[in-house]
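Look over the model first, then read on.

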Amino acid sequence: MNQEDINDLLALTALTASTPQEMQFIEELAATSPAIEQELRSLQDVAATLAYAQPSLTVPVNLKQRLLKRIQIEAEVLDIMSKRSTELKWRKHPVQGLVMAVINVDRDQREISALIRAEVDVSYPLHHHAIGEEIFMIEGELIDRGITYKAGDHIYSAAGSMHSPYAIAGCMFFVRTSLDDVFL
């Protein structure tokens, strides 16, 4: 590292605008060189007085209300997540004959929401549910535990349950389930 680079890092460190690694490097360098130590302390003194060199600004009377309103509007926008059908990315599912479009993954809750499309005569392997699984049928037919489900039907499988649904005529459904489900 040349002297110009060291000077740049000294200035950035004095302004607390360098990375933690760069700050540590400069502090260690200053500990071994009285000239660098003096330059760093001098730059830090200048940086500390910069704020006082400018005249005070007049703050508009309604600034606080405007800022709070803006924060509220932005917070409301963050309260919703949406995905348009044109944004769905269909990909192969680990089970042959299925494709899926992941809608949402909540890593904290260990849940996934997705659309699943099954070809005709596809069996989903027997699996164990870590949490309750919800399926909402959109089209086609799905047989689960001897019952045929069609568009508009809802299936709930409790935590700890096991099943192996079968798409006899092909189908598409929404599913919300655990990332921790296990194939048996």
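The axes of helix 1 (residues 3-14) and helix 3 come within 8 Å and cross at roughly 45 degrees. Helix 1 and helix 3 are therefore oblique to each other. Their crossing is right-handed. On one side of the contact stand Ile 6, Leu 10, Ala 11, Thr 13 and Ala 14 of helix 1; on the other stand Ile 36, Glu 39, Leu 40, Leu 43, Gln 44 and Ala 47 of helix 3.

This is a predicted model, where local features need pLDDT of at least 70, side-chain atom pairs count only at pLDDT 80 or more, and totals for chains, interfaces and linings use all residues. Residues are numbered from 1 along each chain as its sequence is written, and side-chain values use heavy atoms, with hydrogens and water left out.

Some terms need cut-offs. Helices (H or I, at least four residues) and strands (E, at least two) are DSSP runs, numbered from the N terminus. Axes are lines fitted to C-alpha atoms, for helices over the stretch in contact, and angles run from 0 to 180 degrees between N-to-C directions. Angles under 35 degrees count as roughly parallel, over 145 as roughly antiparallel, 65 to 115 as roughly perpendicular and the rest as oblique. A crossing is left-handed if the near helix is turned anticlockwise from the far one by less than a right angle, and right-handed if clockwise. Contact means heavy atoms within 4.5 Å.

Helix 2 (residues 20-32) and helix 3 (residues 34-50) also pack together. Here are the angles and axis distances.

| Pair | Angle | Axes |
|---|---|---|
| Helix 2 and helix 3 | about 125 degrees | 5 Å apart |
| Helix 1 and helix 2 | about 110 degrees | 10 Å apart |

Helix 1 and helix 2 are therefore roughly perpendicular to each other. In this pair, Ile 6, Leu 9, Leu 10 and Thr 13 of helix 1 touch Glu 22, Met 23, Phe 25, Ile 26 and Leu 29 of helix 2.

Helix 2 passes helix 3 in a left-handed crossing. From helix 2, the contact takes in Ile 26, Glu 27, Leu 29, Ala 30 and Thr 32. From helix 3, it takes in Pro 34, Ile 36, Glu 37, Leu 40, Arg 41 and Gln 44.

Next comes the pocket lining. Strand 11 gives the most to the lining of the largest pocket, with 5 residues. That lining divides into 18 nonpolar, 7 polar and 3 charged residues. Here Ala, Val, Leu, Ile, Met, Phe, Trp, Tyr, Cys and Pro count as nonpolar, Asp, Glu, Lys and Arg as charged, and the others, Gly among them, as polar.
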